[in-house]
Amino acid sequence: MTDEATTDGWLYLDFARIGCGPTEIIGRDQRFPLHVTSPLRLDPAVPDMAFVYVHNPSGGVFEADRLIVELRLRRHARVHVSTPSATKIFGAEGGVSASQRMTIDMEEGAYLEYVPDPVIPLKMACYEQYTLVRMATGATAVLSEIVACGRFAAGEVFAYSRLHFRTTVEIDGVPTCKDAFELVPDSMLLGGPGLFAEHRFIATVLVLAPGTLPAALDRSLDDAARSVAGVYGAASILPKGAGVIVRALCPTPSAAREVVDLAWGEARRSLLGHPPPSIRK
């Protein structure tokens, strides 16, 4: 793998809400293959929220790609970030991992929904994803992730080389929690009992609300995760009551999406007082 074959993609977005007006992008810097749409207004119940979609026209993430995403939400900015389709991680024949590093900075009163489509690792894929959330007390966020076992419809089940996902949360500059998992099919019997068994997707929803976590939200999120047929899932309170994490093993992509949508809906109703809008992609 030569340097010319790798991609250093960069995306920086700075969101602000001026007075009672809508949330706008007041600062933007982007480098291929990452770019975003202009803010859309897709929720009549929350008209000030900016909906943005992160695009990667290259078709996916390739060996040795290095992607950097930085999001800044100023006071009272309200933002929904998603992708237009699943993210494919292509094979690393040279053994060099691709990576994405995302940093999210949130001021008091800011609200973020980060709900991308699934990550699909292809045969021999090697990928690392690091997310750092730095937020003030009074900010709130809902972050989700769906990771597939591979292109199982094409017979690629746990055919990737390695996946590593890590999320770190800092509240008012103090490290508060860290969530991580690593999957290496060559050294783990991922399809065996005690691991994935017959399940083919991991769904994770992280709800962060330091200082403002609604009472009993963990129970309603736990009920939501357990309500989907064929899913093994549960919710847990984060350290210092900073939020709730939901994790579920799911048999199908529709089950994984249902877990995320139910958890996102419960969190959104508790935090904003409104359900998610119907979004067409």
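**Notes on a predicted model: spaces, fold and single residues**

1. Searching the whole structure turns up one cavity of 30 Å³ or more. A cavity here is a set of points, on a 1 Å grid over the protein atoms alone, where a 1.4 Å probe fits but cannot get out. Among the 18 residues that line the largest cavity, Q129, T131, S144, E145 and T167 are the closest to its centre; a lining residue has an atom within 4 Å of a point. The volume of the largest cavity is about 260 Å³, where a volume is the space filled by probe spheres set on the points, and grid points are joined across faces, edges and corners.

2. Before going on, please keep in mind that this is a predicted model, in which local features need pLDDT of at least 70 and side-chain atom pairs count only at pLDDT 80 or more, while totals for chains, interfaces and linings use all residues. Residues are numbered from 1 along each chain as its sequence is written, and side-chain values use heavy atoms, with hydrogens and water left out.

3. Strand β12 provides the largest share, four residues. Strands (E, at least two residues) and helices (H or I, at least four) are DSSP runs, numbered from the N terminus. Sorted by class, this lining holds eight nonpolar, six polar and four charged residues. Nonpolar means Ala, Val, Leu, Ile, Met, Phe, Trp, Tyr, Cys and Pro; charged means Asp, Glu, Lys and Arg; the others, Gly among them, count as polar.

4. Now look for the largest pocket, whose volume is about 400 Å³. Its lining has 29 residues, and V54, N56, T83, T87 and Q100 are the closest to the centre. Unlike a cavity, a pocket is an open set of points, with protein on both sides within 12 Å along at least five of seven lines.

5. Strand β5 gives the most, with three residues. By class, the pocket lining has 16 nonpolar, 10 polar and three charged residues.

6. Along the principal axes, the C-alpha atoms fill a box of roughly 50 × 45 × 40 Å.

7. How much of the protein is buried? Buried residues are 49% of the 281, with buried meaning under 20% relative accessible area, exposed over 50%, and partly exposed in between (1.4 Å probe, protein chains only). Of the contacts (heavy atoms within 4.5 Å) with a separation of 6 or more, 73% join residues 24 or more positions apart.

8. Strand β6 holds S82, which counts as buried at 1% relative accessibility. S82 and V54 are 28 residues apart in sequence, yet their C-alpha atoms are 6.3 Å apart in space. As noted for the pocket, V54 is one of the residues closest to its centre.

9. I68 sits in strand β5 and is partly exposed, with a relative accessible area of 35%. Setting aside neighbours within four places in sequence, I68 touches G9, W10, L11, L34 and R101.

10. Finally, some backbone details to look up in the loops. F32 and P33 are joined by a cis peptide bond, with omega about 15°, and P33 belongs to the loop between β2 (23-31) and β3 (35-36). A64, in the loop between β4 and β5, has a positive phi near 70° though it is not a glycine; A64 counts as buried at 3% relative accessibility. K240 is also a non-glycine residue with a positive phi, about 65°. K240 lies in the loop between β16 (232-237) and β17 and is exposed, at 68% relative accessible area.
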